Amino acid sequence: MPPDPSLPNRRDARRNRDLFIEHAKATFAEHGVDASLERIAREAGLAIGTLYRHFPTRVDLLLAVFEPKLRDFLATAEAALKMADPWEGFLVFLEALCGAQAYDRGFNDFIARRFPRDERTEVMHDRVCQLARSILSRAQAAGVVRPDIAEADLIALLWANSRIAEATRQVAPGVWRRHMHLVIDGFRAGDRHELPEPSLSPEQLYRVMARLGE
């Protein structure tokens, strides 16, 4: 039987998928991961039903948009863990983490939240957290990072950096690096004040990130 002309062929389907990813990338970067999917479909010049045929859930679209960037970040983090100087490895990791989210509100949301109902994102986020713990522990064991810094403090830096980057993006788009390094200096071992509050526990951190992803 001849093909049904009402159904898109493989080339059209691929083109449509690429259009959705292209417009979603720009929209999420500006408005975050909660941006309207209807808006993305409209800007792509396609129907919202077509978007849902390619990406049944918002997380499916988020993965298509951000998985390549997350893969690049993980490669940088793996390299930072192997650097000869533990402090330099710690610094490279945090610069890569903050830099990846500074100009992309959507990636910031994606990396700073948890999506517990999706195993694919849980595996990715678990790997990020595992690398963060390893890089931090290595720097602490070398005596270059203060021993009371916890993984949650690194995530808090990410949250704070995102607000600074968003507030200054149109005026001084690189100034977030100044504030990031001011905070990182506070992570150094040496003379220090005792911290007035304990860090979030791993369970508390997960709950906070999961609430942000709701």
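Tutor: Before we start, residues are numbered from 1 along each chain as its sequence is written, and side-chain values use heavy atoms, with hydrogens and water left out. Because this is a predicted model, local features need pLDDT of at least 70 and side-chain atom pairs count only at pLDDT 80 or more, while totals for chains, interfaces and linings use all residues.

Student: Happy with that. How many helices and strands are there in the protein?

Tutor: Helices here are DSSP runs of H or I with at least four residues, strands are runs of E with at least two, and both are numbered from the N terminus. From the N terminus on, the elements run α-α-α-α-α-α-α-α-α-α. The count is therefore 10 helices and zero strands.

Student: What percentage of the 214 residues is buried?

Tutor: Buried means under 20% relative accessible area, exposed means over 50%, and partly exposed lies in between, using a 1.4 Å probe and protein chains only. The C-alpha atoms fill a box of roughly 75 × 40 × 30 Å along the principal axes. Of the 214 residues, the buried ones make up 40%.

Student: Let's look at H1 and H2. Are they parallel, antiparallel, perpendicular or oblique to each other?

Tutor: The axes of H1 (residues 10–31) and H2 (residues 37–44) come within 9 Å and cross at roughly 130°; such axes are lines fitted to C-alpha atoms, for helices over the stretch in contact, with angles from 0 to 180 degrees between N-to-C directions. Angles under 35 degrees count as roughly parallel, over 145 as roughly antiparallel, 65 to 115 as roughly perpendicular and the rest as oblique. H1 and H2 are therefore oblique.

Student: How do the residues of the contact of H1 with H2 divide by class?

Tutor: Contact means heavy atoms within 4.5 Å. On the H1 side the contact is made by Leu19, Phe20, His23, Ala24, Thr27, Phe28 and His31, and on the H2 side by Leu37, Arg39, Ile40, Ala41, Glu43 and Ala44. Ala, Val, Leu, Ile, Met, Phe, Trp, Tyr, Cys and Pro count as nonpolar, Asp, Glu, Lys and Arg as charged, and the others, Gly among them, as polar. The residues divide into eight nonpolar, three polar and two charged.

Student: Which residues does Leu19 contact, leaving aside its neighbours within four places in sequence?

Tutor: Leu19 is placed in helix H1. Its relative accessible area is 19%, so Leu19 is buried. Beyond those sequence neighbours, the contacts of Leu19 are Ala44 and Leu46.

Student: And what is the orientation of H8 and H9 to each other?

Tutor: The axes of H8 (residues 151–168) and H9 (residues 176–185) come within 9 Å and cross at roughly 155°. Leu157, Asn161, Ile164 and Ala165 in H8 meet Trp176, His179, Met180, Val183 and Ile184 in H9, a contact with seven nonpolar, two polar and no charged residues. From the angle, H8 and H9 are therefore roughly antiparallel.

Student: Moving to H6, which helices do its buried residues pack against?

Tutor: H6 is mostly covered, with seven of its eight residues buried. These are Gly106, Phe107, Asn108, Asp109, Phe110, Ile111 and Ala112. They pack against H1, H4 (58–81), H5 (86–102), H7, H8 and H10 (202–212).

Student: How far is the backbone nitrogen of Val33 from a polar atom of the side chain of Asp109?

Tutor: Asp109 sits in helix H6 and counts as buried at 11% relative accessibility. Leaving aside neighbours within four places in sequence, Asp109 is in contact with Gly32 and Val33. The backbone nitrogen of Val33 and that side-chain polar atom of Asp109 are separated by 3.0 Å.

Student: Last one: which side chain is joined to Arg113 by a polar contact of 3.2 Å?

Tutor: Arg113 is found in the loop between H6 (105–112) and H7 (119–141). With 12% relative accessibility, Arg113 counts as buried. The side chain joined to Arg113 at 3.2 Å is that of Asp34.

Technical notes
Polar contact = N/O pair within 3.5 Å; in protein donor to acceptor, adjacent residues only side chain to side chain.
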